[in-house]
Amino acid sequence: MSAVSTGTGPLLEVDGLGVHYAATVALHDVSFAVDRGELVAVIGPNGAGKSTMFKAICGLVNHQGVVEVNGVHCHDRTDRMDLAYIPQRNDNDLHFPITVGELVMAGRRRFRHWWQRSSSADRAAAESALARVRLSGTADRALTELSGGQLQRAYVARALAQEASVVLLDEALSGVDQPTTLELLDVFRSLADEGTTIIVATHDLALARRRFSRCIAVNGTLRGDGAPGEVLSSDVLDATFGSASFVSGGPDALAD
Amino acid sequence: MHWLTDPFQAEFMQRAFIAAVITGVVAPVVGTWVVLRRMANLGDAMSHGTLAGVGIAYAAGASVVVGALGAGLVMAVLLLVFSGNRRLGQETVIAVLGTAFFALGVVVISRVDAGVELTHFLFGRVLTVTWADVWLNLALGTAAVLAVALLFGELRLATFDHVQAEQVGVRVELVQGVLVMLLAVVVVISLRSVGIVMAVTMLVTPAATARLLARTLRQMTLLAVAFGVTEAVGGLILSYHLGSAPGATIGLVSAAGFAVVFGLTLPRRMPHHHRPLA
């Protein structure tokens, strides 16, 4: 259950992933592999299947294809405890009477049975997770007392307390201001440097280019995968978004 | 002081007092989760629908407790079956099932009884509670409170974020199933005290009142119990002096408690203060 990989292959491997909703094909034949410590941006227009892809990887929707974490084939949700998923605008009631500390402790549930109480080791892990996302001292706060960026970091802390090797964040950078975005990216970068793999769905192509080590383009299927410089080219952007011209000045504007 | 103690000179009022206290503790403990999970509708439908089991058991001369629990189980299963239909919202399915079961109960009881017993089931008959009823309610109530205490952590995880909860090993659907069965237990306990119709009041109103004040889950549960017991006993005393129906009087006192707390906390809630940390 340690966050340290025991396998020699990639940390997360997705092969032939597909999702159908009734007669609609939401996602088709997506394959990629991600290594430890990668900071990956997933790009694509609205309705491209980014959220569907995250949900399929986490086993939240029925899917075709194979998901492997640390070389282990995932059959159901319990095989995926090494993954943490932070949904887009998640539908959690922020007025629910739960403190930041209790939120982060939810990640520790993985390490005990339902009848067991949390241990002092659990509390230490939760505190250390809060410290890593720079939220020390907030454990007793209510969720409504956090700003949007702080809340996102609290969810990341929960993923860290879960000792997840891979954290999937859907639109984590939407609806937050520029300083918060940069603050979140700093946290993601430092976690990636420590070996956690971070995969973020984002609409901000300029950030994807500058602040991520890898870019995956999705629209119904995989449209591009590689270094941001390669993926954010006019060919891939055309295939992903229909036209690269939506970026004022064309894709060249994404260059540093 | 006599105004408070006089009603309990007679033994039937002492039994009524104990029955009211048990309802006042157990219903809010379960109700806290009903309110937090926004299941008040389900609680309402379950309590009404339980009449089907009660009626069938009564007509057959069997235990109404077993009948009530059976109806709760059948409703829970049917709810799972029908809520798979995406064209209908779950609240629609809940309303259809609840009213159907309620109607079935009324039809069955009205064929064997002129209406007295139906009124007792609907509005309780706390003044005729027997010691056997008291012991049964105590046993069921203790089991329900213990179940909530044991599942407290799981309920918290499953209620706040069921997606993450499942990911870290919580059996979310099982937790939900247990809670639905606890609803049926609360209805059974309420049957003799406040009645089926007023069971929802004790389930939802004290917990909703506590929700307005509490910061933490523990606080909310304890406050809900404090409101529940005070309102159940207060309503009983008031009904003695007014000569009014005990179940409905308890319901009114509970609603009054909610109204007062709602009014007092209004200034605090009006300007939404989301204070970001410095």
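Q: How far apart are the centres of domain 1 of chain A and domain 2 of chain A?
A: Domain bounds come from an automatic or database assignment. Over C-alpha atoms, the two centres in chain A are separated by 24 Å. This is a predicted model: local features need pLDDT of at least 70, side-chain atom pairs count only at pLDDT 80 or more, and totals for chains, interfaces and linings use all residues. Residues are numbered from 1 along each chain as its sequence is written, with chains lettered from A and ligands numbered from 1 in the order in which they are written.

Q: Which residues make up each domain of chain A?
A: Domain 1 covers 1-82 + 165-256, and domain 2 covers 91-162.

Q: How many residues does each domain of chain A bring to the contact?
A: Two residues are in contact if their C-beta atoms, placed from the backbone, lie within 7 Å. Domain 1 of chain A gives 11 residues and domain 2 of chain A gives 11 residues.

Q: Which helix gives the most to the domain 1 side?
A: Helices are DSSP runs (H or I, at least four residues), numbered from the N terminus. Helix 5 (residues 178-193) of chain A gives the most, with 5 residues.

Q: How many residues does each chain bring to the contact between chain B and chain A?
A: Chain B supplies 23 residues and chain A supplies 27. On the chain B side, helix 8 (152-160), helix 9 (162-167) and helix 12 each supply at least two residues.

Q: What is the mean pLDDT of chain B?
A: pLDDT is the predictor's confidence in each residue, from 0 to 100. Chain B has a mean of 89, and 96% of its residues reach 70 or more.
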